[in-house]
Amino acid sequence: MYKAIIAGLGKYLPDNVVTNNDLKKVMDTSDEWIVERTGIQERRHIIKGSGDTTASMGAEAAKIALERAQCAAEEVDLILFATLSPDYYFPGSGVLVQELLAIPDCPAMDIRNQCSGFVYALATADQFVRTGMYKNVLVIGSENHSGGLDMSTRGRNVSVIFGDGAGAALVTRYDGNDDRGILSSHLHSEGKHAEELSLIGPSTNRWVPQIMEENDPEDTSYYPYMNGQFVFKNAVVRFSEVIKEGLLQNQLAAEDIKLLVPHQANLRIAQFVQKKFGLGEDQVYNNIQRYGNTTAASIPIALTEAWEEGRVKQGDLVVLAAFGSGFTWGSSIIKW
Ligand code: UT7
């Protein structure tokens, strides 16, 4: 068995900053409500016509990750693209990134696991590297939420949360004799709660012509739906369980964690988890304040920033954990 490490990280955020006060102009909300319930102060929204897309943002983040890993486009063996907001219904965004980065004919695969997408993709990359099938796997998380949100008061419980952006990691085979590497991945899902955080139309369940024919002004099926409190309650339990599972498998304790990078769902969730494991402020990385919840992009964006700030160094124990729609959840335990 080979070992896999993250050899390079990158991120891309659209320039356009949308503050809580900006949102007040289009819906009944307040800076106080949003900050108190979520911790979010601002997020990025793509400006229409800017040319930013899910794939293009992913490609920009990937370029940086490849450069930092000193990996040429021709050396990429597999592209894994995690998103819930792909450019097209089909094909996936992975092939679009392949074209944008002029990566030759390696396989490209989209991963549909929403907020847990990056953790699922990282686990998939790790397996391909471990078996020796591939050496360099480009893992991307990218989301373009803003164009598809209900920006009226009706959709405020969801639309104030989500932001656009992308992050990427180059996962590569590591031949060193030390204990570096992705130590383990822990993945779960529970389909019985699929509709609690979902976007059900347009889809094969609700084709566009049907939506158009009904022409119902009250129809919200093509906006994301979230049963907020139910999701919150499940999130705090699953985050805690899956971090514990990862620590136990590796015979590690919470105090061994150098940095926990949780999916940026809600600052209150991250703070709950921090308290539960008795972690210090310096052991948890949060940037939801500036970017909102960017679902599959949130962990790679946060991890990139943490690395850029010198908070992730060789030999550190880094824990990633996510929970989201599906429900799906997971963790990665990494010796950096
Ligand atoms: O990333 C995937 C996983 N996602 C999550 O983990 C998110 C989990 N859920 C949450 O983070 C929280 O449930 C929310 C932040 C989404 C909502 O917070 P909450 O404390 O659960 O609020 P709520 O939905 O129960 O709403 C409380 C009140 C309601 O008013 P009434 O009925 O009490 O009069 C809402 O209408 O707040 C109202 N409200 C708002 N008010 C101002 C809902 N959204 C807003 C808003 N601004 N944006």
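How many residues surround the ligand, and which of them are the closest? In this predicted model, the ligand is surrounded by 22 residues, and the closest are Thr-29, Arg-37, Gln-229, Asn-266 and Asn-293.

View 1. The ligand sits in the second largest pocket of the predicted model. The shell around the ligand is built from both domains, with at least three residues drawn from domain 1 (3–174) and at least three from domain 2 (181–335). By residue class, the shell consists of eleven nonpolar, eight polar and three charged residues.

View 2. At least two residues of the shell come from each of helix 2 (31–38), helix 6 (156–159), helix 8 (228–249) and helix 9 (267–276). Of the shell residues, the largest share belongs to helix 8, which supplies four.

View 3. In the side chain of Asn-266, an N or O atom lies 2.6 Å from an oxygen atom of the ligand. For Arg-37, the distance between a polar side-chain atom and an oxygen atom of the ligand is 2.7 Å, and for His-263 the corresponding distance, again to an oxygen atom of the ligand, is 2.9 Å. Taken on its own, the ligand has 960 Å² of accessible area, of which the protein covers 74%.

View 4. Most peptide bonds are trans. The bond from Phe-90 to Pro-91, however, is cis, with omega near 0°, and Pro-91 is placed in the loop that runs between strand 4 (78–82) and helix 4 (93–100). The bond from Gly-326 to Phe-327 is likewise cis, here with omega near -20°, and Phe-327 is found in the loop between strand 12 (317–324) and strand 13 (328–335).

**View 5. The backbone at Gln-70.** Most residues other than glycine have a negative phi. Gln-70, which is not a glycine, has a positive phi, with a value near 55°. The residue Gln-70 lies in the loop that joins helix 3 (54–69) and strand 4.

Notes. Residues numbered from 1 in each chain as written. Predicted model: local features only at pLDDT ≥ 70, side-chain atom pairs only at ≥ 80, totals over all residues. Heavy atoms only, no water. Near = heavy atom within 4 Å. Polar contact = N/O pair within 3.5 Å; in protein donor to acceptor, adjacent residues only side chain to side chain. Areas by Shrake-Rupley, 256 points an atom, 1.4 Å probe, with all protein chains shown as cover. 1 Å grid on protein atoms, 1.4 Å probe; cavity = no way out; pocket = protein on both sides within 12 Å on 5 of 7 lines; lining within 4 Å. Sits in = over half its atoms within 2 Å of the grid points. Nonpolar A, V, L, I, M, F, W, Y, C, P; charged D, E, K, R; others polar. Domains from an automatic or database assignment.
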